[in-house]
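These are my notebook entries on a single model, kept in the order in which I looked things up.

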Amino acid sequence: MLDVRNLTVSYESTPVLKNLSIYIGRGEIIALTGPSGSGKTTLLRCIAGLEATDSGSIWMHGEEITKRPAHLRRIGLVFQDNQLFPHLNVAENIAYSLKLQRVAKNERNHKVAEALELVGLAHLAKREIVRLSGGEAKRVAVARALVAQPEVLLLDEPLAGLDGELHHRLLDDLGSLLRSRATTTLHVTHDHAEASAIADRVLDIRELASLGDV
Ligand code: ADP
Ligand code: MG
């Protein structure tokens, strides 16, 4: 399904990922762990098409997408800090990518309502972003990533910074959501308990790359 082959990425000639390979099967949930600064976010940004690569290739369904623009990749990304648009309300945030894709208004409204339902926020459609709790904002970010029905969902430490009870509930909900829709997912976390609770396989980024002497 998603196949990253021998990816090398540098920032100003310092290699961050070197010869990294990872394969994710259709419907599989992979948790990716690794210390801070090991390149987890960089890998997600490359897969999503937000970062240029030095060498190597990225494939989806056997088609190379290494150079494909981000908006044509059908990959959803939830950023660590959500990156919601503060000037748009909840429904408008979720509708954003559909608008870019020129999805007609009726269908857009229908899909947004569905996505809100999915994350249990139907009652907050008109809410301003600044008036959301941490958990609600996270749900909006997940809904925004899922609304265009991406083939792959990338989650960058989606539950970091959320406290015990809320963390537990969101992890539970996220797990059921991903499994019920058989969403192919790469879930980055440095929390090993979270990783093994949600994933089919847990990988450490250091096992995927040959960093040599770096
Ligand atoms: P992780 O998500 O595992 O904490 P990152 O992918 O964010 O790691 O970062 C990997 C390394 O790349 C770090 O050393 C970080 O400082 C560096 N880095 C990340 N983004 C940039 C950037 N835009 N410019 C320069 N260096 C960066
Ligand atoms: Mg990171």
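**Entry 1: pockets**

How much space lies in the largest pocket? I found about 710 Å³ there. I am working with a predicted model, in which local features need pLDDT of at least 70 and side-chain atom pairs count only at pLDDT 80 or more, while totals for chains, interfaces and linings use all residues. Residues are numbered from 1 along each chain as its sequence is written, chains are lettered from A and ligands numbered from 1 in the order in which they are written, and side-chain values use heavy atoms, with hydrogens and water left out.

For my own reference, a pocket is an open set of points on a 1 Å grid over the protein atoms alone, where a 1.4 Å probe fits, with protein on both sides within 12 Å along at least five of seven lines, and its lining residues have an atom within 4 Å of a point. Grid points are joined across faces, edges and corners, and the volume is the space filled by probe spheres set on the points.

I noted 21 residues lining the largest pocket, with Ala-70, His-71, Ile-75, Gly-76 and Ser-97 nearest its centre. At least two lining residues come from each of strand 6 (75-78), helix 2 (90-100) and helix 4 (134-146); helices (H or I, at least four residues) and strands (E, at least two) are DSSP runs numbered from the N terminus. By class I recorded 13 nonpolar, five polar and three charged residues in this lining, where Ala, Val, Leu, Ile, Met, Phe, Trp, Tyr, Cys and Pro count as nonpolar, Asp, Glu, Lys and Arg as charged, and the others, Gly among them, as polar.

The second largest pocket has a volume of about 240 Å³, and of its 13 lining residues Ala-91, Glu-92, Ala-95, Lys-99 and Arg-108 lie nearest the centre. Helix 2 and helix 3 (105-118) are the elements that give two or more residues to this lining, and helix 2 has the largest share, with five. Its classes came out as six nonpolar, two polar and five charged residues.

Which residues are around ligand 1? I listed Tyr-11, Val-16, Pro-35, Ser-36, Gly-37, Ser-38, Gly-39, Lys-40, Thr-41 and Thr-42, taking a residue as near when one of its heavy atoms lies within 4 Å of the molecule. Oxygen atoms of ligand 1 are 2.7 Å from a polar backbone atom of Gly-37 and 3.1 Å from a polar backbone atom of Gly-39, and a polar side-chain atom of Thr-42 lies 2.5 Å from an oxygen atom of the ligand.

Is Ser-38 buried or exposed? Ser-38 sits in the loop between strand 3 (29-33) and helix 1 (40-48), and its relative accessible area of 13% makes it buried, given that buried means under 20%, exposed over 50% and partly exposed in between (1.4 Å probe, protein chains only). A polar atom of its side chain lies 2.6 Å from the backbone oxygen of Pro-35. Beyond its neighbours within four places in sequence, Ser-38 is in contact (heavy atoms within 4.5 Å) with Val-16, Leu-17 and Ile-205.

Ser-36 belongs to the loop between strand 3 and helix 1, but I found it exposed, at 77% relative accessible area. Its C-alpha atom is separated by 10.0 Å from that of Thr-189, 153 residues apart along the chain.

Helix 1 itself is largely enclosed by the rest of the structure, because seven of its nine residues are buried: Lys-40, Thr-42, Leu-43, Leu-44, Cys-46, Ile-47 and Ala-48. After helix 1 comes Gly-49, with a positive phi near 90 degrees.

**Entry 2: positive phi away from glycine**

**Entry 3: Leu-177**

What does Leu-177 touch, not counting residues up to four places away in sequence? I recorded Leu-118, Val-119, Val-142 and Leu-146. Leu-177 is in helix 5 (residues 164-180) and counts as buried, at 9% relative accessibility. The C-alpha atoms of Leu-177 and Val-119, 58 residues apart along the chain, are separated by 8.2 Å.

Note on methods. A polar contact is a pair of N or O atoms within 3.5 Å; within protein, one must be able to donate a hydrogen and the other to accept it, and residues adjacent in sequence count only if both atoms are side-chain atoms.
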